[in-house]
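Please keep the sequence and the coordinates at hand while reading.

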Amino acid sequence: MADPATAISNGLVVDRVTVRRAGVGVVRDASLTAEPGEVTVVLGANGAGKTSLLESISGLIRLSSGHVLFNDVELSSKPRSVRARLGLAHVQQGRAVFPELTVKENLLVAAPSESLSRAYEVFPDLERLASAQAGLLSGGEQQMLVIARALIVQPRLLMIDEMSLGLAPTIVRRLFDVVAECAASGMAVLLVEQFRSLALAYGSQAYVMARGRIEYSGPAEALKDSPDLLVDLYLGRKSQVP
Amino acid sequence: MLNQAATGLFPGGIYCLIGICLLLVYRVGAVVNFSQALAGTFAAFAVTSLTSDGLPTWFAITAGLLLGAAIAVVQGMVMARYLIEASVLVRTGVSIAMAVTLFSLSLVIFGDNPRNFPVILGGKFSVGGIELQTAAILAWALAIVCGIALGLTLSRTRLGIVLRAIAHSAPTAETLGVRTSRYVVGVWAVAGLITTFAVILIAPATGSVDAMGLLVGPAVAAVLLGGFRRIWLTVLGALGIGLAEGVTPMISNTQLAQVCDSAVPFVVIAAVLFWSQRKVSVGDIR
Amino acid sequence: MAGSLTNDTWNFAAITAVWEGMLVLSAGLLLERVGLLALCPMSFAGVGVYTVVYLTQHESLPLPLMLAAALLAAIPVGILVGGIALRLRGVNLAVVTFAFAMVTSTFFNTFGFPAQFSFDRKALMRPLVLTSDRDFFLMAYSVLILVGLLLSLHSRTERGRAWLFVRSSERACLATGRSVAAVKIEAFVISAAIAGLAGGIMAYQTLGSVSPSLFDPLQAISLVAVAVMVGAGSLTGAIVGGIFVAVLPIVLGDIGINSTVSSAFFGIGAVMVLSKGTGGMTATWPWIRRSPAPGVSAAPSSGSGTTAQTPVARQVGHREPAGSPASGSVTDACALEIQGLTVRYGRVMALSDVSLKLAPGVVAGLIGPNGAGKSTLIDAVSGFVPSYTGRITVAGQALEHLSPNARARHGVARTFQTCRTMPELTVGAYMSVFARHHVDQNLRDELIDYFELPPANQLIEFVDVGTRRVVELAGALVARPKVLLLDEPAAGLGDLQSISLGNKIRALPMRFDCSVLLIEHDVELVRSAVDELTVLDFGVVVGNGRPGEVLKLQAVADAYLGDTAPANPQSMDLPGAMAAGDPSAQASR
């Protein structure tokens, strides 16, 4: 697996990032890469710091030290909207729709109406729901909406935080299919997940976080084949950073 | 009795205009802007300076409108640049401090002596035995137009969609590439422009920096009646408050009436806020 | 240069500086020490002025009694506004008090003060010895100093420190067993009294002819702006503020600048202070700046504590004998018993029929994945859930219908996920607020020793954030609770510190005679610290028993790793379920 310090001219490089919230180190010295065309997953129990890591990449919170580079551009000093326009899409945990806007209006926030068809191609259900109020949709529909909203601008890095939380398995599978297609079309995809099975099935690279640190990095295959190792990592028993 | 009430129509229209601006700035800029009327006050006084220098009224008023909008832009930029992460309370505190600054600058630069404010639209006319001021009609016409325009913009245009998104969650909008600070400053500018016009319109009737700055009080009451959300309830609220203020002199002698007049916004504000907090339970306090 | 200025002007201005300072103090103590933005200080002062002028027309009381009357008359108005503050918070309070200031201003401008324009008006007479402005100023200044000293004394009592708790978080105050309402009313009473006293001095300054224009709301909020700018919670801030307001206009006028510019200056100053988010001018002055306690190095509040601040006895794997009875407690009843607890937020079930027993002398752990309901459970026991079904008893006493502070007084102590300590208090001062009736110094010192905390006279400002959470824990124990609920106490501690804390928690029942319920994400810490473990998933108990066994359960591994559908089908795919902001989806970071 590539050493983060060597320059990768495409994709995301997170280099020894530390994030503090109210003085508490929620991410400590974390390094990872997410390359275009691959699905990279970050696993870990809750409280491990996965969400804070994503938020520091998209700029929702500040990082205390370290660097975030995307396509060789240093991101940490740039405001959030600039990072978004550089091709970063962040789908936040908890399905952050704009509840009082309709489905169509939610999409229009991100892009002009000409691009709407792109969203409807990926999730035809959304076209049917176009004038429904986003706050009244079911969990699965909302998740489709926020992913569509992120995809509509054709980002180059797609980060999704806990996509499967609270959703039925069939819907989750469909979402993962969409995500895999995105990767296949050249996007870099970074998924944060608490639930491992589907994430490892679709992912190529995997990282496991515990207590703010990256405790494991390697091919997803390896973790799929050793479930005990994963349980140990989640429950904080072992550390396997090569 | 109806004539009495009708005297409250003019202030009511002004409260409505200022209230709509307050509502807009609150929803998009996340601040209760105590200084809303003071940028317009400053501009109104500037207008009198220009007219007393001999410049034509229309020019002076146009310059005043631009000045009011410019002051609002500066305020919006301060908010967008330095107070992005601050809470609504801190931002409101800043608006209070800005009010103090604008208030004293107005006094310093223009003094508090009586001035000749240009009367934009004078005269009265009678409708079915009730006397109405022409300016009142203008104020309400403008308020209705603004209300409709605001409502339509918010619900039908892409600009409105983005504004509503920012009102719900500015950070999420930013992750979608929206440059929220531009929108916030733009909203401040529009609110500043409209409020300046409203203040200039009522200036001949009020006259002092104090009174003009304090137009914000009843305007806040009107917005509260709309729950700080609904445009049309704000409009109705302003109408109600204006009429109530018009009517109170009938209830008692003039001295007490003045106090009652200023008590109307207080009572409305207190009642609405208490009512809105009635369901706050122990689980909500932090 | 000073040609137009006479001693008279300065003496008069000096008296103005005193009452302005008192008003700044009145607004500042509400804002800085309780966190309440009240825009009506002049209204309280106006009551004081009115009282003195009124009494002059009808009685002739000596000066001390007049001032006392002014002070006392303002108190009922203070209680009225304080009552409003019980229900309205933050911006709402600011708006209402502003409207109130508008009403009182109109009142004073319309009616003036008693007999203001009457020919029979009796002028207010100062005592012979205070006829000169200079002498009166000295007297007034002494009163200001006295008020400042009394406030300073008050701030050193537990009641005074409780104000800071309310400012930090109302929940934190309730968790110490104190009533937030009592604090707010007390603060408003004191604030109004000081403002009323200032009004009395205003009246004497002008011999009863006070200008009503002083009470304009815009002037009033200018005071608040000054309070913000100087950081006016303390006497120093008040004196500085008063001097600013009174003297700056004169100085400006003297050099040819319109004196009203000073207000503009205050406004800009306040904007700058608020934008920076720091505490105002006096907070940054060198001789006021607090310094760490002597003998302890000034460790700045750095972050995660990976470098341990205090030496840690490395006790990996060391365990006390399991189930040792708490010394001295002979109770049959469970320390904590939860039966059939169900909590609903809207349509989502945060907790569903949860039952849990905590025997005396036991440390129990509670773990579970995202949104499982752990914090909701602690909130329910400590009284922060508005309605639930089920029964919760502590040492045999049912807790239903008890407010959070009543529950705290019945022996329920808790810590919070976000640390709520106050940087301006010392470790010892913070802990003593939790004491019920009087502070047991021995217990406090014992706790400081036990948790290896910084010394009692160390300011929390200089304690690193991870250790602050342990200070919060220790504080909760000062009240000798029967049950201690810990919500992720080890977050932000380094690995060694976590282990050490785990061991200390393990021994708490033996040392301090309480039972502990511990929520933690760090499963290793939980495993070593607890006697028994409960696992929650989607609001339902999925495992209960000894840690070693429970953690081996497949159901538990699945709950964390998510191979199965959630046990509670109601939480699946509901409209808007788990939407951002839904309290049941407590997104943990």
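Chain C is divided into domain 1 (2-284), domain 2 (329-411 + 481-587) and domain 3 (419-480), with bounds that come from an automatic or database domain assignment. The model is predicted, so that local features need pLDDT of at least 70 and side-chain atom pairs count only at pLDDT 80 or more, while totals for chains, interfaces and linings use all residues. Residues are numbered from 1 along each chain as its sequence is written, chains are lettered from A and ligands numbered from 1 in the order in which they are written, and side-chain values use heavy atoms, with hydrogens and water left out.

Consider the boundary between domain 1 and domain 2 of chain C. Here 7 residues of domain 1 are in contact with 6 residues of domain 2, contact meaning heavy atoms within 4.5 Å. The two domains bury about 520 Å² between them, and carbon and sulfur atoms give 60% of this area; buried area is the accessible area (1.4 Å probe) that two parts lose on being put together, summed over both. Of the area that domain 1 buries against domain 2, 84% is supplied by Arg171(C), Leu174(C) and Gly177(C), more than by any other three residues.

The rule finds 1 salt bridge across this domain interface, where a salt bridge is a side-chain nitrogen of Lys or Arg within 4 Å of a carboxyl oxygen of Asp or Glu. Arg171(C) forms a salt bridge with Asp379(C), and their closest N and O atoms are 3.5 Å apart. On the side of domain 1 that touches domain 2 there are 2 nonpolar, 3 polar and 2 charged residues. In this classification Ala, Val, Leu, Ile, Met, Phe, Trp, Tyr, Cys and Pro count as nonpolar, Asp, Glu, Lys and Arg as charged, and the others, Gly among them, as polar.

The next interface lies between two chains. Chain C places 48 residues in contact with 49 residues of chain B, and the two chains bury about 4,200 Å² between them, 79% of it on carbon and sulfur atoms. How many salt bridges does the rule find across the interface of chain C and chain B? The count is 0. The elements that give two or more residues to the side of chain C that touches chain B are helices H3 (63-87), H4 (90-111), H7 (170-175), H9 (217-230) and H11 (261-276) of chain C. Helices (H or I, at least four residues) and strands (E, at least two) are DSSP runs, numbered from the N terminus. H4(C) gives the largest share of that side, 15 residues. By class, the side of chain C has 30 nonpolar, 12 polar and 6 charged residues.

Over all chains the count comes to 22 salt bridges. One of them is formed by the side chains of Glu174(B) and Arg80(A), at 2.9 Å from N to O. This pair joins two chains, because Glu174(B) lies in helix H8 (residues 170-175) of chain B and Arg80(A) in helix H2 (residues 80-85) of chain A.

The strands remain to be described. In chain C, strand E1 (residues 336-345) and strand E4 (residues 389-394) run antiparallel and are joined by 5 bridges; two strands pair if DSSP finds at least two bridges between them. Glu337(C) stands opposite Thr393(C) in E4(C). E4(C) also pairs in the antiparallel sense with strand E5 (residues 397-398) of chain C, over 2 bridges, and Val394(C) stands opposite Gln397(C) in E5(C). The hairpin of E4(C) and E5(C) has 2 residues between the strands, and Ala395(C) takes a positive phi near 50 degrees.

In chain B, strand E1 (residues 124-127) and strand E2 (residues 130-133) pair in the antiparallel sense over 4 bridges, and the bridge partner of Val127(B) in E2(B) is Ile130(B). E1(B) and E2(B) form a hairpin with 2 residues between them, and Gly128(B) in the turn has a positive phi of about 55 degrees.
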